[in-house]
Amino acid sequence: MKTTETTINLTEALARFVVETPASDIPEAAYDKAAKAIVDTVGCILAGSVADVSEPLLRYLEQIDGEGSHAVLATGRTAPAEVAAMINGTFGHALDFDDVLSMMPAHPSAVVLPALFACLPKATTGQAFLEAYILGVEAGAKIGLGIGNGHYRRGWHATGSLAIFSAVSALARLLGLDVATTRQAFGVAASMASGLRCNFGTMTKPLHAGWASRNAVAAVRLASSGFSASSEAMEAGAGFFETYGTEQSDMQRCIQALGKPYVFVEPGLALKKYPCCYALHRPIDAMLQLRDSLDLTPENTESVFCRVAPGALRVLPYVTPKTGLEGKFSMEYTLAVGVLDGRFDLAAYNDEGVTRPEIAALLPRMSKEEDPYCLGDEADPGARSSGTIGFVEVTARRRDGAEETVRVDKPTGSPERELGWDDLEAKFFDCAGQAGLASNSAADNFTVWRALRAADNVGALLHPLY
């Protein structure tokens, strides 16, 4: 970790930022982008309620003493606040369809929003809710910027290990905590931060989001109840940055970047077009182009080869996936789906899709490679995530010799190729339909969540989703 002669009080700086920043400092442009991410995440939670994580989570819920009063969305169940945050957070990340913030890199909204839902004061306005959400995501994002991508490369899943601080920050703002209590909450949360990338492709990967959300609620409630922790947990010796960071970690960079600019404005969140690992989104865009231009079919395709920058494959370990969850982290399977189906919807990444004989026949013809050529003009490759580093090239070759290569620098849904409200409406309808909501109900819910900023009571928006 980089050192300096100047004393750095990162924990205090973060606490003061989330507690004391006036709403007028939040740029107007951040509100619409934040509203998009919130609508998107609500849809993902609904769809996740019927994903494969749902059944074991609901069995787990049955073992909890006391029903609680907080909704487990789209299930008709209630739970204590911490458990509701855990289950809703796991639902939100269950399909890998939720937003991505490459700066961390993590999926912050599936952590922040369930925590806010579980602790929502009565008659919380949309304005107050958005302020808390924006400031929370901002704080966690800049912790990610300061700690650096080496944290992720060491094996940490930043959705669990960093986004917990986004949720703590958002709760501190929404609940009106003072600076001292917020510092204590950071201290408690620092001992709860967790999540290992070895669990990618299993149910525990989305649990990282739910566990972080649950732990954020616990940390804030403990601190508010007088529970003690280090008030310098981020910067202390044997503290978070020293323990979880690398030689490149720089706390001063975090402090200097808070709100300058806000991450919702620059570089922005990516809202996913496809329900799989973000490192697969550029290959998918390329495959869709190639399938159309070469008229690819399983019968006429000789080979498909994807070339990516070094480090881009670290999160894609599965060559012959056995489950839908593993398929979400498989380059070979994703390329094969591009040939066979030409669509990447929720059904593409279920267990039935992965085990099709037609896919098994295509997999040996699909291949991938990391190549320094794909770094392009990257000035700092180490700061990039697997889904954003360099560029991607996919080459498809037909049996008759026809061949074409497509290069993709930025995927659909990235801040540079942002999804519009019409795109998000279609995605929300798809997700809500998975959870069994009728189309008219989905339309009504999308409309009210889109207008979140004008809402007098956010809790009233949640009731139709119980």
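**Close-up views of a predicted model**

Both Asp-96 and Lys-272 have buried positions in this model, which is predicted.

**View 1. A salt bridge joins the buried residues Asp-96 and Lys-272.** The closest N and O atoms of this pair, Asp-96 and Lys-272, are 2.7 Å apart. In the structure as a whole, the count of salt bridges comes to 24.

**View 2. Lys-142 and Glu-138 form a salt bridge within helix α6.** The closest N and O atoms of Lys-142 and Glu-138 lie 2.5 Å apart, and both residues are buried. Because Lys-142 and Glu-138 are 4 residues apart in helix α6, about one helical turn separates them. In general, an α-helix has 3.6 residues a turn, so residues three or four places apart point the same way.

**View 3. The side chains of Glu-403 and Arg-397 meet in a salt bridge.** The N to O distance between Glu-403 and Arg-397 is 2.9 Å. Glu-403 counts as partly exposed, at 48% relative accessibility, and Arg-397 likewise counts as partly exposed, at 31%.

**View 4. Helix α1 (residues 10–20) has buried residues that line one face of the helix.** The buried residues in α1 are Leu-10, Thr-11, Leu-14, Ala-15, Phe-17 and Val-18. Seen down the axis of α1, these buried residues fall within an arc of 160 degrees, and they therefore line one face of the helix. The elements that cover the buried residues of α1 include α6 (126–147), α9 (163–175), α10 (179–190), α12 (240–244) and α13 (251–257). A separate feature of interest is a network of salt bridges that links Glu-12, Arg-16, Glu-20 and Arg-183.

**View 5. Tyr-373 and Phe-391 form an edge-to-face aromatic pair.** The structure holds 15 aromatic pairs. In the pair formed by Tyr-373 and Phe-391, the rings are 5.3 Å apart, centre to centre, with 90 degrees between their planes. Tyr-373 and Phe-391 are both placed in the loop between β4 (366–370) and β5 (392–398), 18 residues apart. Tyr-373 is partly exposed, with a relative accessible area of 43%, whereas Phe-391 counts as buried, at 2% relative accessibility.

**View 6. Six named aromatic residues form one cluster, and charged side chains lie over rings elsewhere.** The aromatic cluster is formed by Trp-156, Phe-165, Phe-186, Phe-240, Phe-241 and Tyr-244. The charged end of Lys-205 sits over the ring of Phe-200, at 4.8 Å from the centre of that ring. Arg-214 lies over the face of Trp-211, and its distance from the ring centre is 5.1 Å.

**View 7. The side chain of Asn-88 reaches the backbone nitrogen of Leu-73.** Asn-88 is placed in helix α4 and counts as buried, at 2% relative accessibility. The distance from the side chain of Asn-88 to the backbone nitrogen of Leu-73 is 3.0 Å. When residues up to four places away in sequence are not counted, Asn-88 touches Ile-45, Ala-71, Val-72, Leu-73 and Pro-114.

**View 8. Ala-115 is a buried residue of helix α5.** The relative accessible area of Ala-115 is 0%. Leaving aside neighbours within four places in sequence, Ala-115 is in contact with Ala-85, Ala-167, Leu-171, Ser-213 and Val-217. Ala-115 and Ile-64, which are 51 residues apart in sequence, are 18 Å apart in space, C-alpha to C-alpha.

**View 9. Ile-359 is a buried residue of helix α18 (residues 357–362).** The relative accessible area of Ile-359 is 0%. With neighbours within four places in sequence left aside, the residues in contact with Ile-359 are Tyr-333, Ala-336, Val-337, Leu-340, Gly-353 and Val-354. A separation of 28 Å lies between the C-alpha atoms of Ile-359 and Phe-428, which are 69 residues apart along the chain.

Note on methods: Residues are numbered from 1 along each chain as its sequence is written. This is a predicted model: local features need pLDDT of at least 70, side-chain atom pairs count only at pLDDT 80 or more; totals for chains, interfaces and linings use all residues. Side-chain values use heavy atoms; hydrogens and water are left out. Buried means under 20% relative accessible area, exposed over 50%, partly exposed in between (1.4 Å probe, protein chains only). Helices (H or I, at least four residues) and strands (E, at least two) are DSSP runs, numbered from the N terminus. The arc is that of the directions from the helix axis to the C-beta atoms. Contact means heavy atoms within 4.5 Å. Rings of Phe, Tyr and Trp (its six-membered ring) pair if their centres lie within 6.5 Å; planes under 30 degrees apart count as stacked, over 60 as edge-to-face and the rest as tilted. A charge sits over a ring if NZ of Lys or CZ of Arg is within 6 Å of the ring centre and within 35 degrees of the ring normal. A salt bridge is a side-chain nitrogen of Lys or Arg within 4 Å of a carboxyl oxygen of Asp or Glu. A polar contact is a pair of N or O atoms within 3.5 Å; within protein, one must be able to donate a hydrogen and the other to accept it, and residues adjacent in sequence count only if both atoms are side-chain atoms.
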